[in-house]
Amino acid sequence: MTTADKLNLEKLDAPLGAEINGLDLTKMLSTDTVDAVLQAWYDNQVLVFRDQELTPQQLVDFTAQLGEPGRPRMPSQTVRDIIPDLPPEIMIVSNVRVDGKPLGLAHDGEMWFHSDMCYAEIPHTATLLYAVDLPSEGGNTMFADMYAAYDNLKLATRDRLEGSKALQVHDYKRTERPGVDLDLSKIGNFAHPVFVTHPETGKKALYVNRLMTARIEGFDRQESDALLEELFAVGEDPAIIYEHVWRPGDLVMWDNRCITHARTDFPHEERRLLRRTTLIGTEAPR
């Protein structure tokens with residue numbers, strides 16, 4: 001029996017991703033089912049689970065069946081004050097404000113492609129996002145296939161950048177590229193290979209993104225900027241992107257080692273709230 005048969009898995013009508021039907025994620029899964037979910041994730045990079053009814057703790061419990069859940073680097077005190085029993089592994093992604101204070105993280109920077117926590121020495125491998133409240137339109141999430149991006153690069157570019165590292169930073173200004181004179185002592189940062197090899201699949205992926213990649217080390221600023229623009233153009237090609245149109249109860253899981261993602265705009269006067277968990281990594285990208 002194949003993984004697809006075990007899970008009632010259907011490929012999305014898109015360049016990547018798959019939908020898994022028939023699993024109730026409020027319940028403990030068998031070891032075989034967990035293994036099949038993980039294999040489907042490795043194979044498809046993005047997994048969609050529709051029509052789930054998950055409490056915050058149930059989202060954490062499902063995440064913990066797949067690996068060790070991460071915790072937000074900077075948990076919002078406003079969230080903890082309003083929702084004191086919210087599990088510490090949950091991050092609220094929202095534009096909602098309570099008494100003028102943001103309930104969660106609503107980054108304009110989400111509209112630029114990025115890889116979660118790529119600026120850490122050991123980034124989190126998976127992000128899981130669960131939809132609670134959604135606007136009437138927009139707020140979709142786009143996922144770009146970095147395996148395909150690597151394959152689509154010019155051979156000359158691949159050869160030129162083989163063995164190079166890119167500095168990833170957590171100093172983005174939402175709608176600007178990272179600056180030249182960064183004080184790295186005050187921001188999260190780490191230099192990872194431009195091309196990484198996925199530890200489970202053995203496939204190579206492009207590992208730069210427009211929001212958080214400041215420069216390619218070993219090149220002057222002009223060369224670095226030109227190379228990055230070339231890489232971004234290939235990595236943001238619509239032909240390698242799946243755009244997820246959210247429905248309430250959707251849980252989407254993606255692989256930060258071979259996927260970048262970005263959000264589309266939505267009416268800001270409308271409410272958008274999702275809950276996020278992650279899986280921590282065990283090794284630096286290489």
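**Exercise 1. Find which helix and which strand each supply at least two residues of the lining of the second largest pocket.**

Step 1. Start with the elements: helix H2 (31-44) and strand S11 (195-197) each supply at least two lining residues. Helices (H or I, at least four residues) and strands (E, at least two) are DSSP runs, numbered from the N terminus. This is a predicted model, where local features need pLDDT of at least 70 and side-chain atom pairs count only at pLDDT 80 or more, while totals for chains, interfaces and linings use all residues. Residues are numbered from 1 along each chain as its sequence is written, and side-chain values use heavy atoms, with hydrogens and water left out.

Step 2. H2 gives the most to this lining, with three residues.

Step 3. Now the space itself: the second largest pocket holds about 400 Å³. Closest to its centre, of the 24 lining residues, are Thr125, Glu200, Arg257, Gly281 and Thr282. On a 1 Å grid over the protein atoms alone, a pocket is an open set of points where a 1.4 Å probe fits, with protein on both sides within 12 Å along at least five of seven lines; lining residues have an atom within 4 Å of a point. The volume is the space filled by probe spheres set on the points, which are joined across faces, edges and corners.

Step 4. Sort the lining by type: 12 residues are nonpolar, seven polar and five charged. Here Ala, Val, Leu, Ile, Met, Phe, Trp, Tyr, Cys and Pro count as nonpolar, Asp, Glu, Lys and Arg as charged, and the others, Gly among them, as polar.

**Exercise 2. Decide whether Ser224 is buried or exposed.**

Step 1. Locate Ser224 in helix H7 (residues 221-235).

Step 2. Its relative accessible area is 0%, so Ser224 is buried (under 20% relative accessible area; exposed is over 50%, partly exposed in between; 1.4 Å probe, protein chains only).

Step 3. Beyond neighbours within four places in sequence, Ser224 is in contact with Arg215, Ile216 and Phe219 (heavy atoms within 4.5 Å).

**Exercise 3. Work out where Gln45 and Met117 lie, and describe their backbone.**

Step 1. Recall that most residues other than glycine have a negative phi.

Step 2. Gln45 has a positive phi, near 70°. Gln45 sits in the loop between H2 and strand S3 (46-49), and counts as buried at 6% relative accessibility.

Step 3. Met117 has a positive phi too, of about 60°. Its loop runs between strand S6 (101-102) and strand S7 (126-133), and Met117 is buried, with a relative accessible area of 14%.
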